[in-house]
Structures are given as structure tokens and as C-alpha cells.
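Please look through the following notes with the structure open beside them. They are set out as numbered points.

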Amino acid sequence: FYTALIRVTAKNITFLSLTKITIIVICKNMEKSSAKNDNTLMVVDDNHKSQKLLEVFLKKAGHNVFTANNSNDAINKFNFIKPKIVISNTTLPDGCGFELVKKLRNNNQNQYTAFFMIAANSLNDVHKQAIELNIDDFAVKPLYLREMISRVDLLVRRQRNIQLEQK
């Protein structure tokens, strides 16, 4: 069970912090929000400026965006938000972005979630890990926002088509 401090905006509800304590009605509101908008995204980044920049531009592009500051935060929010795409840094303060992908993929309910990884450098090891984990898309900083949004839109359409084919 969770208690959350929230910020309510005109279109969505965003977690500011999350702790294990008690139940809260916000979970139901988040489930309804995610169900209405099938292009719900989660941005996982410990750099607040980068996170906010992505959040703002993706929202302007019509996506429903939630954020997480680290792996534990992302895991705690994931089942309530049910994002179609998780956009994560490869390096997080409490672990590796690739480990986050492994943990989230272990749950069969997450079969329709795509993963987009962002790396600070283009080392071969990072590319190798992305390929081995079957990451859906991958980018190296600096990010070009228009390209990023186009790639995210493509992932949303691809995930929607996969889900329709499965039904």
C-alpha cells in the first residue's frame, strides 16, 4: 500500500513522492487515466532538468507522461501507471537502467511495454547490453527532441499494433 504526494494538473496526476504506508484513492484515478490514453509513458531519469525537458516535450506531443527518479521509484509506480513505453537512462542512482528493464520484464503483465534507453555515451558495452536485452529503441545524448518524439510515436504505434494482433 502506498501514500503519495501528488501534483494535479489539468490533464493528469503526477507522483512527487511515494512511500509504503497506507492506501490512497489516487491509484484508481491513475488506472482510469492510463486506460483512457493508450500512449502513456514513464520517463525514468535522476537528472531533474533532463526529466522535465522530456516530460514537457512529450506532453506537448500528446503523450500522457509520468516520471520516476530512480529504479525503485519506477518499479513502485509501474503497476499503477501501466505505461506503454518506459524511457530510461542507462545509469540511475540506485542501479542500472538495464537491470530495471529486466525486473519489469519479469512480470508477464508487462508484455506490451516497450523500452527506450538513453545513454550518456556510445560505448560498445552499452550497445551490446541493449541488443542482448532486446531494447526496443536506444539513443545517445545529446538528444534531438524532434527525432526523439518521432521515435516514441513510432514505438507507441508499434506497441498498439502488437497488442491488437495478440487479441
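1. Asparagine 134 sits in the loop that runs between helix 5 and strand 9; helices (H or I, at least four residues) and strands (E, at least two) are DSSP runs, numbered from the N terminus. Its phi is positive, about 55 degrees, although the residue is not a glycine. With a relative accessibility of 55%, asparagine 134 counts as exposed, where exposed means over 50% relative accessible area, buried under 20% and partly exposed in between (1.4 Å probe, protein chains only).

2. The model is a predicted one, in which local features need pLDDT of at least 70 and side-chain atom pairs count only at pLDDT 80 or more, while totals for chains, interfaces and linings use all residues. Residues are numbered from 1 along each chain as its sequence is written, and side-chain values use heavy atoms, with hydrogens and water left out.

3. Confidence should be read next. The chain has a mean pLDDT (the predictor's confidence in each residue, from 0 to 100) of 79, and 76% of its residues reach 70 or more. Over residues 1-36 pLDDT stays under 50. For that stretch the model has 65 contacts beyond four places in sequence, a contact being heavy atoms within 4.5 Å.

4. Two further backbone features deserve a look. Most residues other than glycine have a negative phi, and most peptide bonds are trans. Lysine 82, in the loop between helix 3 and strand 5 (85-89), has a positive phi near 55 degrees and is not a glycine. The peptide bond from lysine 141 to proline 142 is cis, with omega near 5 degrees. Proline 142 belongs to the loop between strand 9 and helix 6.

5. How many salt bridges are there? The count comes to 9, where a salt bridge is a side-chain nitrogen of Lys or Arg within 4 Å of a carboxyl oxygen of Asp or Glu. One of them joins the side chains of lysine 52 and glutamate 55, at 3.4 Å from N to O. These two residues are 3 apart in helix 2 (residues 48-60), so about one helical turn separates them. Glutamate 55 is buried, with a relative accessible area of 3%, whereas lysine 52 is partly exposed at 31%.

6. Aspartate 136 takes part in two of the salt bridges described here. With arginine 105 the closest N and O atoms are 3.5 Å apart. That pair links distant parts of the chain, 31 residues apart: arginine 105 is in helix 4 (residues 97-105) and aspartate 136 in the loop between helix 5 (124-132) and strand 9 (137-140). Arginine 105 is partly exposed at 31% relative accessibility, and aspartate 136 is partly exposed at 25%.

7. The side chains of arginine 158 and aspartate 136 also meet in a salt bridge, at 3.4 Å from N to O. Arginine 158 counts as partly exposed, at 37% relative accessibility. Elsewhere, salt bridges that share partners join Lys52, Glu55 and Lys59 into one network.

8. How do the axes of helix 3 and helix 4 cross, and at roughly what angle? Two packed helices are described by the angle between their axes and the distance between the axes. The axes of helix 3 (residues 71-81) and helix 4 come within 10 Å and cross at roughly 20 degrees; axes are lines fitted to C-alpha atoms, for helices over the stretch in contact, and angles run from 0 to 180 degrees between N-to-C directions. The two helices are therefore roughly parallel (under 35 degrees; over 145 is roughly antiparallel, 65 to 115 roughly perpendicular and the rest oblique). Helix 3 contributes Ser71, Ala74, Ile75 and Phe78 to the contact, and helix 4 contributes Leu100, Lys103 and Leu104.

9. Methionine 42 is placed in strand 3 (residues 40-44). This methionine 42 is buried, with a relative accessible area of 0%. Apart from neighbours within four places in sequence, methionine 42 has contacts that include Phe66, Ala68, Ala74, Phe78 and Ile87. Its C-alpha atom is 8.1 Å from that of serine 88, which lies 46 residues away along the chain.
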